[in-house]
Amino acid sequence: MTPATNPSPDSGEVTLTLNEVASQSLARGAVGIALLHVERAWTGSGSWDTAQAHIRRVVAGQVDAADHAGLYYGAPAVAFLLHAAADRHPRYRAAGQTLDEHVLRLARRRLASAAARTDRGEFATFAEYDLFYGLSGIGALLLRLHPDSDELAGILRYVVTLAIRPRHEDGVELPGWWVAHDPDEILLTSGGHANFGMAHGAAGLLSLIALAKLRGCVVEDQHEAIAVLTGWFDRWRQDGPDGPWWPQWITREELREGRPAHAHPGRASWCYGTVGIARAQQLAALAAEDPRRQLAAEHALAASLTGTQLDRITEPGLCHGIAGVYQTAYRASRDARGPALAHRLPALADRLALHARSFGDDKDGDEADAAGLLTGRAGVGLALETARHSTPTHTGWDACLLIT
């Protein structure tokens, strides 16, 4: 395993093979598959020989530590995997610590780039701040591995700034995490949008700073940032017959009108739906010691787990499907003030097992899309391990979802 560091005019650009790129993807590639086998080895559902064989596939080539790396790709993703196995196999700890140095340097470069973008007066982007490839994801990793680091403190200050410093353009106040690009290449948002979701939006930002507060990692104005973000969700909360819900994002027109264009919620999901948003608000309530908000968040989450809502879920995966819903509800139930969420877990587990059959009986799966973490077998398998054992994960793999 050799880290391929940031290209420079002196060193020349590092070129990775397609296999090397796929091997270090947590989202769709070998890192997620290896993580599943490590978790199975911990629970006794699999063997450490199998887990180590999958880890060797990940680290066989160069590991990308260039500026486009993030929690779901490259050095941070591989470090996340190695530390998941390090307690049982300490020899992975040294390799993980080597990658940690590259991750810390990456964090410093990314923070400098974000500061330069701010100085230029440009909008933020998903790639700069989100969970998958941005600073929130790197922050989630550092919160787990290096909670006392200056780099994590810098990321927390960055997120706080996005939350409490709005942008003003043409007489309109836009939140600091407003992006000028579309949420998806086939979903156009004239003038950009403000994203609400866990993967790319306000819920992810809120979860990161709330989790940091709960673990004693606090920077100036963090409490204010939590209040601003929870206030944003209060402002855009919609109430329907199936309970509270929030839009996936809002456009400039919707911001001006003060209401979302859609009259009904999207499907329940971790990445964009009420499930992830409610968990973020529950974490924020715990961080702010606000029992009223906590109960409201738990009520919203429980309401989204009814049969009518769950019948709309057609995918098994973590990102958009039942696996992400189950894992998020499981984590929320462990912090809940009442039993309502825990009571819904058995029915969710049954749905998860039913949806998982769509992948067939192949547990390893070499096809990246079918086998990966976010939409493939690896993510579903990890959620199934939680459901089967009814205990917190041994690897802490769901830290990459910002739900714990």
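Biologist: How many of the 13 residues of helix 9 are buried?

Modeller: The model is a predicted one. In it, 11 of the 13 residues of helix 9 are buried, so this helix is largely enclosed by the rest of the structure. Among the buried residues are Gly204, Leu206, Ser207 and Leu211.

Biologist: What covers the buried residues of helix 9?

Modeller: The cover includes helix 6 (126-129), helix 7 (135-145), helix 8, strand 5 (193-195), helix 10 (222-236) and helix 12 (274-288).

Biologist: How is the packing of helix 8 and helix 9 described?

Modeller: Two packed helices are described by the angle between their axes and by the distance between those axes. Here helix 8 (residues 150-164) packs with helix 9 (residues 202-214) at about 130 degrees, and the axes lie 10 Å apart. Angles over 145 degrees would count as roughly antiparallel and 65 to 115 as roughly perpendicular; helix 8 and helix 9 are therefore oblique to each other. Their crossing is left-handed.

Biologist: Which residues make the contact?

Modeller: Helix 8 contributes Ile155, Leu156, Val159 and Leu162, while helix 9 contributes Leu205, Leu208, Ile209 and Ala212. These residues of the contact divide into eight nonpolar, no polar and no charged. As a general idea, an α-helix has 3.6 residues a turn, so residues three or four places apart point the same way.

Biologist: What span should helix 9 have?

Modeller: At 1.5 Å a residue, the 13 residues of helix 9 should span 18 Å, and its end C-alpha atoms are 18 Å apart, which agrees. Just after helix 9, Gly216 adopts a positive phi of about 80 degrees.

Methods
Residues numbered from 1 in each chain as written. Predicted model: local features only at pLDDT ≥ 70, side-chain atom pairs only at ≥ 80, totals over all residues. Heavy atoms only, no water. Axes fitted to C-alpha atoms, helices over the stretch in contact; angles between N-to-C directions. Helix = DSSP H or I, 4+ residues; strand = E, 2+ residues; numbered from the N terminus. Parallel < 35°, antiparallel > 145°, perpendicular 65-115°, else oblique. Left-handed = near helix turned anticlockwise from the far one by under 90°. Contact = heavy atoms within 4.5 Å. Nonpolar A, V, L, I, M, F, W, Y, C, P; charged D, E, K, R; others polar. Expected span 1.5 Å × (residues − 1). Buried < 20%, exposed > 50% of the residue type's maximum accessible area, 1.4 Å probe, protein only.
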